[in-house]
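Colleague: Thanks for sitting down with me. Please take me through this one step by step.

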Amino acid sequence: MTTTELDRTETFEVVPSGKPAGAEIRGVDIARGVSEATMKKILDALHEWKVVVLRNQRITPEQQIAFSRHFGTLEPHVLPQYLVPGYSELVRVSNVLDDAGKPIGMVDAGRVWHADGHFLPKPNLYSMLYALEIPHDANGKPLGATLFANTAHAYAQLPEAMKQRLQGLRGANSLANVYARMHAENAAKNRPPLTEAQKREAIHPVVRTHPFTGEKCLYVTRAATGRIEGMSQEDGDALIGELGDWCVREENVYAHQWAVGDVLIWDNCSSQHLAVGDYALPQRRLLHRTTVAGLETF
Ligand code: OGA
Ligand code: MN
């Protein structure tokens with residue numbers, strides 16, 4: 001262990017946001033490389049707080065990919081047209097247009113409450129965003145926050161009768177549902193149409209068990225979940241709406257205000273997130289995202 005490594009591990013600190021989700025991790029410089037011991041502490045903090053931020057980072061695409069690989073196997077994005085050129089595992093989330101007026105990345109990513117890859121048979125385990133450009137208002141206040149809800153906390157807070165009722169229920173989730181929902185909110189209008197494969201439904205438990213912590217998490221959103229198996233459309237819609245709203249109650253939500261250099265990592269089983277669309281060009285937003293592949297749900 002070098003002196004620098006010693007210095008860094010000694011200053012490692014987790015500062016909770018004060019809400020049920022969210023903590024800042026201090027004392028880690030990703031560009032210098034992260035030891036196994038530090039990685040374990042980062043993962044523990046992520047599992048406890050569902051979303052963690054490392055501020056003031058300065059990393060290359062290679063460094064982001066290398067750091068992301070500590071969390072698992074990286075997944076190429078479902079929408080390959082938005083990749084950072086030359087990097088199949090790095091996708092741009094951005095409202096910036098190229099010279100031809102075409103989006104350089106995913107515009108309007110996450111404008112409805114969702115969990116990444118909810119519509120996949122093996123949903124994304126974690127996602128990571130690195131902020132390169134963040135919009136702000138005339139007073140310098142950052143815009144384009146991302147909100148996070150703790151779905152383990154949401155489950156734990158449910159009345160016992162509801163917990164009983166949810167036992168064994170499964171939901172059907174699809175990207176087509178997400179798109180319909182975003183279009184209704186006037187977002188993601190210019191994305192290319194989905195292929196039949198991209199429209200496929202994935203069936204997951206309504207109460208999902210976290211693969212590493214064993215925590216029970218609500219795994220339903222108004223955006224992705226289109227029906228509940230064995231329930232009428234009407235009853236399913238009512239339950240999806242009720243659970244979706246329960247997860248994202250204000251007291252269960254952490255609002256992340258971005259700064260350039262933030263590296264944010266979240267857990268897609270124990271949290272849901274929403275991108276706030278309170279900015280527009282010429283206010284520019286550009287983030288680089290990696291995605292960690294998931295496991296079968298149970
Ligand atoms: C995402 C996402 C939110 C944001 O990249 O999966 O939802 O604020 N992004 O950009
Ligand atoms: Mn997302």
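Colleague: Is cysteine 247 buried or exposed in this predicted model?
Modeller: Buried means under 20% relative accessible area and exposed over 50%, with partly exposed in between (1.4 Å probe, protein chains only). Cysteine 247 has a relative accessible area of 0%, so the label is buried.

Colleague: Which features need pLDDT of at least 70 here?
Modeller: Residues are numbered from 1 along each chain as written, chains are lettered from A and ligands numbered from 1 in written order, and side-chain values use heavy atoms, without hydrogens or water.

Colleague: How many disulfides does the structure hold?
Modeller: A disulfide needs two cysteine sulfur atoms within 2.5 Å. For cysteine 247, the closest cysteine sulfur is in cysteine 217, at 9.4 Å, so that pair is too far apart for a bond. Cysteine 217, also buried at 0%, has its closest cysteine sulfur 3.9 Å away in cysteine 269, which is too far as well. The count for the structure is zero.

Colleague: Which arginine has a side-chain N or O atom 2.4 Å from an oxygen atom of ligand 1?
Modeller: The residues around ligand 1 (those with a heavy atom within 4 Å) include His114, His273, Arg285 and Arg289. Polar side-chain atoms lie 3.1 Å from a ligand 1 oxygen in histidine 114 and 3.0 Å from one in histidine 273. The 2.4 Å distance belongs to arginine 289.

Notes
This is a predicted model: local features need pLDDT of at least 70, side-chain atom pairs count only at pLDDT 80 or more; totals for chains, interfaces and linings use all residues. A polar contact is a pair of N or O atoms within 3.5 Å; within protein, one must be able to donate a hydrogen and the other to accept it, and residues adjacent in sequence count only if both atoms are side-chain atoms.
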